Amino acid sequence: MMAKQGNRSTIPPAEKGSALVLVIFIMVVLALLLAALAYITAQSNQNTAYQIASTRAYWAAQSGAEWGTYQIAPATGSAASQCFSPNPARPGIGSIPGLGGCSATVACSSASTASTTSYQITSQGTCPAGDLGPGNVPVSAIRNVIVGVTTQGNACAACATSCVVNHCGGFLGSCDNRFRSCAETCSIASNDVSKCINKFCPFFGHLFCDTNGLTTCLANSCPGSGGGGSATLNYWLENP
């Protein structure tokens with residue numbers, strides 16, 4: 001209620017207090033709204049940054065899977081007769097446009113029968129999500145791709161691989177005395193077995209053997225074989 005004092009209107013003290021409370025209330029509400037808006041904006045920026053990193057990690061995993069598949073089943077020549085080495089491998093994908101700072105770890109496992117070998121290649125791509133703002137620990141986005149490949153080889157190559165697995169890799173990387181006879185039962189000529197042993201087991205014919213090179217050498221020495229034969233892609237799966 002307005003009161004007149006002389007020729008001027010005055011506002012009673014009670015009404016002045018009510019207006020002050022209303023102003024404070026409006027300021028608090030506006031402050032809360034601004035804080036909420038800032039939080040929503042920050043969360044949106046963080047989600048966007050992580051989604052970008054996740055997409056880059058996906059392509060890093062794809063690149064690693066393609067690299068691993070090529071090691072087993074190259075575009076030209078015969079398929080491999082065993083997993084690549086080192087295993088797991090870390091191919092250099094950081095130079096690929098858009099994947100700077102990313103990495104891929106590619107692992108291989110295999111199971112063989114008389115004439116076929118099934119490989120599973122698992123590629124894990126990792127990319128940093130960057131600085132997500134105060135109070136957030138820096139994180140990396142991780143994506144996985146799994147590939148299944150089956151190679152069709154001859155029984156000789158599978159036999160040679162089995163001989164290396166069962167008779168080599170012991171103390172000092174040695175092959176035991178039964179290795180030579182095992183390799184010869186795979187229909188590999190004795191002189192070819194000797195060449196492979198002399199080349200990949202340089203000390204006394206049985207110490208510090210390079211089992212990967214020895215396996216490849218024996219497989220390539222199989223009658224009518226260029227290695228692991230042909231390859232078939234069984235599946236290519238994304239595993240988040």
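In the predicted model, Arg 143 forms a salt bridge with Glu 238, the closest N and O atoms of the pair lying 2.2 Å apart, where a salt bridge is defined as a side-chain nitrogen of Lys or Arg within 4 Å of a carboxyl oxygen of Asp or Glu. Arg 143 belongs to strand β5 (residues 140–152) and Glu 238 to strand β6 (residues 230–239), so the pair ties together parts that are 95 residues apart in sequence; strands are DSSP runs (E, at least two residues), numbered from the N terminus. The model is a predicted one, in which local features need pLDDT of at least 70 and side-chain atom pairs count only at pLDDT 80 or more, whereas totals for chains, interfaces and linings use all residues. Residues are numbered from 1 along each chain as its sequence is written, and side-chain values use heavy atoms, with hydrogens and water left out.

Arg 143 is buried, with a relative accessible area of 17%, while Glu 238, at 41%, is partly exposed (buried means under 20% relative accessible area, exposed over 50%, and partly exposed in between, with a 1.4 Å probe and protein chains only). Leaving aside neighbours within four places in sequence, the residues in contact with Arg 143 include Ser 54, Thr 55, Tyr 58, Gln 124 and Glu 238, contact meaning heavy atoms within 4.5 Å.

By the salt-bridge rule the count comes to two. Arg 178 forms a salt bridge with Asp 176, with the closest N and O atoms 3.7 Å apart; Arg 178 is exposed, at a relative accessible area of 55%, and Asp 176 is partly exposed, at 30% relative accessibility.

Notes:
Helix = DSSP H or I, 4+ residues; strand = E, 2+ residues; numbered from the N terminus.
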